[in-house]
Amino acid sequence: MDRHLNLIKTDFEQTEKRIFPRFPFNYLTFKSSGSDSLVFEIKDISFTGMQLSLKDGGHSFTAGSDISGTLHWQKASLDAVGKVKWVSGKRVGVEFKVDDTFEKNVQNFLSVENMVDSLRPIHEFSAGVEVPANLKYWLRADGPFEVFVWRHNDGELSRFQFLMMERFVEWEDGVGIRTGRIISKRDLDTPLITEDELVFSLDESVNTAAVEFAQDILSNIGPEFIPQEANDFLKLKLNS
(Lines give C-alpha, C1' and ligand atoms only; values in the text may rest on other atoms or scores of the structure.)
Protein backbone atom coordinates (compact mmCIF):
# COMPACT_ATOMS: atom_id res chain seq x y z
CA MET A 1 0.00 0.00 0.00
CA ASP A 2 2.45 2.61 -1.24
CA ARG A 3 -0.21 5.33 -1.28
CA HIS A 4 -0.25 5.39 2.53
CA LEU A 5 1.38 8.50 3.95
CA ASN A 6 2.43 9.67 0.48
CA LEU A 7 2.18 13.28 -0.57
CA ILE A 8 -0.75 14.26 -2.79
CA LYS A 9 -0.15 17.73 -4.20
CA THR A 10 -3.03 20.14 -4.76
CA ASP A 11 -3.31 23.22 -6.94
CA PHE A 12 -2.25 25.38 -3.99
CA GLU A 13 1.48 25.80 -3.57
CA GLN A 14 1.49 25.84 0.21
CA THR A 15 -1.26 23.25 0.79
CA GLU A 16 -0.79 19.48 0.72
CA LYS A 17 -2.97 16.44 1.29
CA ARG A 18 -1.74 13.34 3.08
CA ILE A 19 -3.32 9.93 3.55
CA PHE A 20 -2.86 8.23 6.94
CA PRO A 21 -3.96 4.78 8.15
CA ARG A 22 -6.56 5.13 10.86
CA PHE A 23 -6.14 3.32 14.16
CA PRO A 24 -9.51 1.80 15.11
CA PHE A 25 -9.46 2.46 18.89
CA ASN A 26 -9.82 5.78 20.67
CA TYR A 27 -9.73 6.28 24.44
CA LEU A 28 -10.31 10.04 24.32
CA THR A 29 -14.04 10.60 24.90
CA PHE A 30 -16.60 13.25 25.77
CA LYS A 31 -19.70 12.47 27.84
CA SER A 32 -22.38 15.11 27.43
CA SER A 33 -24.42 16.18 30.44
CA GLY A 34 -28.20 16.20 30.72
CA SER A 35 -30.95 13.61 30.69
CA ASP A 36 -29.98 12.31 27.22
CA SER A 37 -26.29 11.91 28.07
CA LEU A 38 -24.21 10.54 25.19
CA VAL A 39 -20.61 9.34 24.91
CA PHE A 40 -18.71 10.66 21.86
CA GLU A 41 -15.28 9.82 20.56
CA ILE A 42 -13.08 12.92 20.33
CA LYS A 43 -11.64 12.79 16.82
CA ASP A 44 -9.68 16.05 17.05
CA ILE A 45 -9.00 18.51 19.83
CA SER A 46 -7.13 21.73 20.50
CA PHE A 47 -7.01 24.25 23.34
CA THR A 48 -10.06 26.04 21.83
CA GLY A 49 -12.35 23.26 20.59
CA MET A 50 -12.94 19.68 19.56
CA GLN A 51 -14.54 17.49 16.90
CA LEU A 52 -16.82 14.75 18.22
CA SER A 53 -18.08 11.57 16.59
CA LEU A 54 -20.94 9.37 17.77
CA LYS A 55 -20.42 5.70 16.90
CA ASP A 56 -23.96 4.47 17.44
CA GLY A 57 -27.39 6.08 17.49
CA GLY A 58 -28.23 9.72 16.96
CA HIS A 59 -28.11 13.05 18.76
CA SER A 60 -30.19 16.23 18.87
CA PHE A 61 -27.40 18.83 18.75
CA THR A 62 -27.72 21.58 16.14
CA ALA A 63 -25.44 24.43 15.12
CA GLY A 64 -25.62 27.22 17.70
CA SER A 65 -26.79 25.05 20.59
CA ASP A 66 -24.98 24.91 23.92
CA ILE A 67 -23.16 21.76 24.99
CA SER A 68 -21.53 20.74 28.25
CA GLY A 69 -20.02 17.62 29.72
CA THR A 70 -16.78 15.91 30.70
CA LEU A 71 -13.78 14.90 28.62
CA HIS A 72 -12.04 11.67 29.66
CA TRP A 73 -8.54 10.59 28.66
CA GLN A 74 -6.95 7.69 30.52
CA LYS A 75 -6.92 8.87 34.17
CA ALA A 76 -7.47 12.55 33.33
CA SER A 77 -10.80 14.36 33.04
CA LEU A 78 -11.91 17.88 32.15
CA ASP A 79 -15.29 19.58 32.54
CA ALA A 80 -16.11 21.76 29.55
CA VAL A 81 -18.84 24.09 28.29
CA GLY A 82 -19.07 25.12 24.67
CA LYS A 83 -21.07 26.03 21.60
CA VAL A 84 -21.87 23.69 18.69
CA LYS A 85 -20.37 25.33 15.58
CA TRP A 86 -21.41 22.72 13.01
CA VAL A 87 -23.07 19.32 12.67
CA SER A 88 -22.42 16.76 9.94
CA GLY A 89 -24.27 13.49 10.53
CA LYS A 90 -22.78 11.84 13.62
CA ARG A 91 -19.99 14.46 13.80
CA VAL A 92 -20.20 17.62 15.89
CA GLY A 93 -17.79 20.56 15.94
CA VAL A 94 -17.56 22.31 19.31
CA GLU A 95 -15.94 25.60 20.33
CA PHE A 96 -15.01 25.74 24.02
CA LYS A 97 -16.12 28.58 26.26
CA VAL A 98 -12.68 29.69 27.42
CA ASP A 99 -11.82 31.70 30.54
CA ASP A 100 -8.60 31.91 32.55
CA THR A 101 -9.47 28.86 34.66
CA PHE A 102 -10.49 26.69 31.71
CA GLU A 103 -7.43 27.75 29.72
CA LYS A 104 -5.17 26.48 32.50
CA ASN A 105 -7.21 23.28 32.92
CA VAL A 106 -7.25 22.39 29.22
CA GLN A 107 -3.49 22.93 28.99
CA ASN A 108 -3.02 20.53 31.91
CA PHE A 109 -5.43 18.02 30.33
CA LEU A 110 -3.56 18.12 27.01
CA SER A 111 -0.13 18.12 28.64
CA VAL A 112 2.84 16.23 27.25
CA GLU A 113 2.78 14.06 30.39
CA ASN A 114 -0.78 12.91 29.72
CA MET A 115 0.08 12.38 26.07
CA VAL A 116 3.03 10.14 26.91
CA ASP A 117 0.92 8.20 29.44
CA SER A 118 -1.50 7.26 26.65
CA LEU A 119 1.09 6.48 23.95
CA ARG A 120 0.71 3.19 22.11
CA PRO A 121 3.31 1.73 19.70
CA ILE A 122 1.03 0.94 16.75
CA HIS A 123 3.90 -0.57 14.77
CA GLU A 124 3.85 -3.45 17.28
CA PHE A 125 0.08 -4.04 17.04
CA SER A 126 -1.54 -6.87 15.14
CA ALA A 127 -5.13 -5.70 15.65
CA GLY A 128 -5.98 -5.40 11.96
CA VAL A 129 -3.90 -2.25 11.45
CA GLU A 130 -1.91 -2.27 8.22
CA VAL A 131 1.45 -0.58 8.75
CA PRO A 132 3.22 0.55 5.53
CA ALA A 133 6.45 -1.32 4.83
CA ASN A 134 8.78 1.70 5.25
CA LEU A 135 7.10 3.01 8.39
CA LYS A 136 9.51 2.05 11.19
CA TYR A 137 7.78 3.59 14.23
CA TRP A 138 4.20 4.76 14.70
CA LEU A 139 3.25 6.12 18.12
CA ARG A 140 -0.29 7.27 18.81
CA ALA A 141 -1.95 9.02 21.74
CA ASP A 142 -5.55 9.21 20.55
CA GLY A 143 -6.74 12.34 18.75
CA PRO A 144 -4.18 15.01 19.64
CA PHE A 145 -0.79 13.39 19.08
CA GLU A 146 0.93 10.99 16.68
CA VAL A 147 4.56 10.35 15.78
CA PHE A 148 5.58 8.67 12.50
CA VAL A 149 9.14 7.64 11.61
CA TRP A 150 10.00 6.22 8.17
CA ARG A 151 13.15 4.52 6.90
CA HIS A 152 14.95 4.02 3.59
CA ASN A 153 15.14 0.53 2.12
CA ASP A 154 18.66 0.23 3.56
CA GLY A 155 17.30 0.80 7.08
CA GLU A 156 18.48 4.41 7.56
CA LEU A 157 15.80 6.79 8.87
CA SER A 158 14.42 8.90 6.03
CA ARG A 159 11.62 11.03 7.47
CA PHE A 160 9.64 11.71 10.62
CA GLN A 161 6.52 13.63 11.46
CA PHE A 162 4.87 14.87 14.65
CA LEU A 163 1.12 15.59 14.60
CA MET A 164 0.29 17.75 17.62
CA MET A 165 -3.36 18.74 17.68
CA GLU A 166 -3.68 21.34 14.89
CA ARG A 167 0.10 21.64 14.31
CA PHE A 168 2.63 19.41 12.61
CA VAL A 169 6.42 19.23 12.35
CA GLU A 170 8.30 17.06 9.88
CA TRP A 171 11.85 16.37 8.76
CA GLU A 172 12.69 14.69 5.46
CA ASP A 173 16.11 13.55 4.24
CA GLY A 174 17.33 16.06 1.68
CA VAL A 175 14.55 18.55 2.48
CA GLY A 176 14.99 19.44 6.17
CA ILE A 177 12.47 20.70 8.71
CA ARG A 178 9.00 21.93 7.74
CA THR A 179 6.10 23.03 9.93
CA GLY A 180 2.47 23.89 9.38
CA ARG A 181 -1.14 23.54 10.46
CA ILE A 182 -3.67 20.77 9.93
CA ILE A 183 -6.57 22.69 8.38
CA SER A 184 -9.01 19.85 7.67
CA LYS A 185 -9.49 16.14 8.21
CA ARG A 186 -11.96 13.65 6.78
CA ASP A 187 -12.54 9.92 6.91
CA LEU A 188 -11.95 7.75 3.85
CA ASP A 189 -13.91 4.52 4.15
CA THR A 190 -13.31 1.81 1.57
CA PRO A 191 -14.35 -1.87 1.54
CA LEU A 192 -10.85 -2.96 2.60
CA ILE A 193 -9.44 -0.28 4.89
CA THR A 194 -10.24 2.96 6.70
CA GLU A 195 -8.00 6.00 6.37
CA ASP A 196 -7.81 9.68 7.24
CA GLU A 197 -7.15 12.42 4.70
CA LEU A 198 -5.48 15.46 6.24
CA VAL A 199 -4.91 18.79 4.52
CA PHE A 200 -1.80 20.63 5.68
CA SER A 201 -1.13 24.34 5.33
CA LEU A 202 2.64 24.79 5.25
CA ASP A 203 4.37 27.64 7.08
CA GLU A 204 6.49 29.98 4.96
CA SER A 205 9.26 29.60 7.52
CA VAL A 206 9.85 27.11 10.33
CA ASN A 207 7.63 27.74 13.36
CA THR A 208 10.02 27.54 16.30
CA ALA A 209 7.22 27.09 18.88
CA ALA A 210 5.98 23.99 17.02
CA VAL A 211 9.52 22.58 16.86
CA GLU A 212 9.98 23.19 20.59
CA PHE A 213 6.69 21.39 21.25
CA ALA A 214 7.94 18.39 19.23
CA GLN A 215 11.25 18.48 21.11
CA ASP A 216 9.37 18.43 24.42
CA ILE A 217 7.34 15.42 23.31
CA LEU A 218 10.44 13.58 22.07
CA SER A 219 12.34 14.20 25.30
CA ASN A 220 9.53 12.41 27.19
CA ILE A 221 9.40 9.35 24.90
CA GLY A 222 11.28 6.45 26.44
CA PRO A 223 13.32 3.69 24.75
CA GLU A 224 10.40 1.28 25.11
CA PHE A 225 8.74 3.26 22.30
CA ILE A 226 11.70 4.56 20.25
CA PRO A 227 15.21 3.11 20.76
CA GLN A 228 17.75 5.58 22.13
CA GLU A 229 19.78 5.68 18.91
CA ALA A 230 16.72 6.61 16.85
CA ASN A 231 15.58 9.09 19.51
CA ASP A 232 18.99 10.80 19.41
CA PHE A 233 18.77 10.99 15.60
CA LEU A 234 15.36 12.70 15.78
CA LYS A 235 16.63 15.14 18.43
CA LEU A 236 19.63 15.98 16.21
CA LYS A 237 17.39 16.76 13.23
CA LEU A 238 14.93 18.81 15.31
CA ASN A 239 17.83 20.89 16.62
CA SER A 240 19.34 21.47 13.15
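1. In which loop is Glu 156 found? Glu 156 is in the loop between β11 (145-151) and β12 (157-164), where strands are DSSP runs (E, at least two residues) numbered from the N terminus.

2. This is a predicted model, in which local features need pLDDT of at least 70 and side-chain atom pairs count only at pLDDT 80 or more, whereas totals for chains, interfaces and linings use all residues. Residues are numbered from 1 along each chain as its sequence is written, and side-chain values use heavy atoms, with hydrogens and water left out.

3. The structure holds 10 aromatic pairs (rings of Phe, Tyr and Trp, the latter by its six-membered ring, with centres within 6.5 Å; planes under 30 degrees apart count as stacked, over 60 as edge-to-face and the rest as tilted). The ring centres of Trp 138 and Phe 148 lie 5.6 Å apart with planes at 25 degrees, so this pair is stacked. Because Trp 138 belongs to strand β10 (residues 135-141) and Phe 148 to strand β11, the pair ties together parts that are 10 residues apart in sequence.

4. Trp 138 is buried, at 0% relative accessible area (buried means under 20%, exposed over 50%, partly exposed in between; 1.4 Å probe, protein chains only). Phe 148 is likewise buried, at 0%.

5. One aromatic cluster is formed by Trp 73, Phe 109, Phe 145 and Phe 213.

6. Gln 74, although not a glycine, has a positive phi of about 55 degrees. Gln 74 sits in the loop between β6 (66-73) and β7 (76-88) and is partly exposed, with a relative accessible area of 45%.

7. Met 165, also not a glycine, has a positive phi near 55 degrees. Met 165 is placed in the loop between β12 and β13 (167-172) and is buried, with a relative accessible area of 9%.

Methods. Helices (H or I, at least four residues) and strands (E, at least two) are DSSP runs, numbered from the N terminus.
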